[in-house]
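Please examine the sequence and the three-dimensional structure shown below. The paragraphs that follow lead through them step by step.

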Amino acid sequence: MAIDHTELDTDRSKETKQPTVLDRIQQTMSAEIEAMNGIIRSSLATDHPLVNSIIDNYLLTKGKQIRPILVMLSARMFGAITETVLHSAAALEMLHNATLIHDDVVDQTPLRRGRPTVNAVWGNHLAVLSGDIFVSKALSTGVRTRNLAILDTLSALGTELSLGEMDQLFNARSHVLNKEAYFDMIGRKTASLFVGCVRIGAQAVGASEEEFGSLERFARLLGLAFQIRDDIFDYFPSDDIGKPSGHDLLEGKVTLPILAALESAPAEKAEEVRTLLLGDCEFSPEEVACIQRFAIDNGGIEVARAEMRRLQEEGLEILHTYPSSPARGYFEEIFDFIIERTL
């Protein structure tokens, strides 16, 4: 059954050429961001021409760099952006990119940010090794902060992200269909990185855990909302995201819109879709379209959007325990940006 997507994702109709909050932050912090990207480029440089070619090609598209920006905003909440902060942000961004390269291998992703992935161009072997280089360079850049707390956060974060990916694979292969497992998984897979951002930024300026503990709780909610928004994308076509509609379903990943629809749909229809999801066969394009339509028609997208807003309300309550400041204001706006983003 074909799906008419033209009226399904109303967020797409809001896309304009107006600068986003992220554009404004990037402009305000352009010198710091360029300095951080300079650290990344110099840290990743090797004496191996092939490796340099792969890395240079990968760095042509840096993405929105939300995560290192969060590192810098966290530093500004408790101090100033210093060389230590820049090296911390660079280390975290390289670790993040390592996970993306490895994830693309696991998921056999052909495009990311509109460009061919490393594995698509160079094959899985070189992609895995390239991701390994990003990991080692992230740690060596972290060493340059001379801050053991930052190194500890980076190493723990690498473990947490890997466990999150393993949870996702286990849930898909074992056909786990419950919200608790879903939120546990995205807490590790995505939200842990957002928490790591604000922790590292605060650690880089010497803030105490008592000072940044509440900001970590805010960041976790921000990360959960980020992943839910990402999951909604799987229900609507886009040339910008770098993956086709239904990609998660084809990999057996059951996300919040489906889980919510299974709870609200008529029992007979819910059981029919649950049986399909629990089957061992790969989904056909028609079955993917059927599951997408089921989630949309039974309120799954609306529930997912409502959950993002709930997370935002809870997050802002936490954030407002801190004094008003430009950095706090940007954190507030970034939550809106993440919920409303179209790619």
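Q65 is buried, its relative accessible area being 9%; here buried means under 20% relative accessible area, exposed means over 50%, and partly exposed lies in between, for a 1.4 Å probe and protein chains only. The structure is a predicted model, in which local features need pLDDT of at least 70 and side-chain atom pairs count only at pLDDT 80 or more, while totals for chains, interfaces and linings use all residues. Residues are numbered from 1 along each chain as its sequence is written, and side-chain values use heavy atoms, with hydrogens and water left out.

Q65 is found in the loop between α3 and α4 (66–78). The labels refer to DSSP runs numbered from the N terminus, where helices (H or I) have at least four residues and strands (E) at least two. Although Q65 is not a glycine, its phi is positive, at about 55°. R146 is not a glycine either, and it has a positive phi of about 55°. R146 belongs to the loop between α7 (124–143) and α8 (148–174). Is R146 buried or exposed? With a relative accessibility of 70%, R146 counts as exposed.

Another loop, between α14 (285–297) and α15 (300–319), contains G299. G299 has a relative accessibility of 19% and therefore counts as buried. From C-alpha to C-alpha, G299 is 31 Å from P110 in space, and the two are 189 residues apart in sequence.

The helices may be considered next. Helix α10 covers residues 209–233, and its 25 residues should span 36 Å at 1.5 Å a residue; the expected span is 1.5 Å times one less than the number of residues. The end C-alpha atoms of α10 are 35 Å apart, which agrees with this expectation. How many of the 25 residues of α10 are buried? The number is 19, so α10 is largely enclosed by the rest of the structure.

Helix α5 (residues 83–107) includes H87. H87 counts as buried because its relative accessibility is 9%. Which residues does H87 contact, leaving aside its neighbours within four places in sequence? They are I39, T141, R144 and T145, where contact means heavy atoms within 4.5 Å.

The discussion now turns to charged side chains. Side chains of opposite charge can pair when their charged atoms come close. A salt bridge is defined as a side-chain nitrogen of Lys or Arg within 4 Å of a carboxyl oxygen of Asp or Glu. The structure holds 20 salt bridges. One of them joins K179 and E263, with 3.1 Å from N to O. K179 lies in helix α9 (residues 179–204) and E263 in helix α12 (residues 256–264), so this pair ties together parts that are 84 residues apart in sequence. K179 is partly exposed at 28% relative accessibility, whereas E263 is exposed, with a relative accessible area of 59%.

R309 and E340 also meet through their side chains in a salt bridge, at 2.3 Å from N to O. This pair links distant parts of the chain, since R309 is in helix α15 and E340 is in helix α16 (residues 326–340), 31 residues apart. R309 is partly exposed, with a relative accessible area of 29%, and E340 is partly exposed at 27% relative accessibility. E251 is partly exposed, its relative accessible area being 23%, while K253 counts as buried at 12% relative accessibility.

Nonpolar residues at the surface form a further topic. L50, V121 and W122 make up a nonpolar patch there, with about 230 Å² of accessible area together. Such patches consist of residues with over 30% relative accessible area and no salt bridge; like charges are joined within 9 Å and nonpolar side chains (Val, Leu, Ile, Met, Phe, Trp, Tyr) within 5 Å. Accessible areas come from the Shrake-Rupley method with a 1.4 Å probe, and for residues only the protein chains shown count as cover. L50 is located in helix α3 (residues 49–59), and at 33% relative accessibility it counts as partly exposed.

Finally, the cysteines deserve attention. A disulfide is a pair of cysteine sulfur atoms within 2.5 Å, and by this rule the count is zero. C197 is buried, with a relative accessible area of 0%, whereas C290 is partly exposed at 22% relative accessibility.
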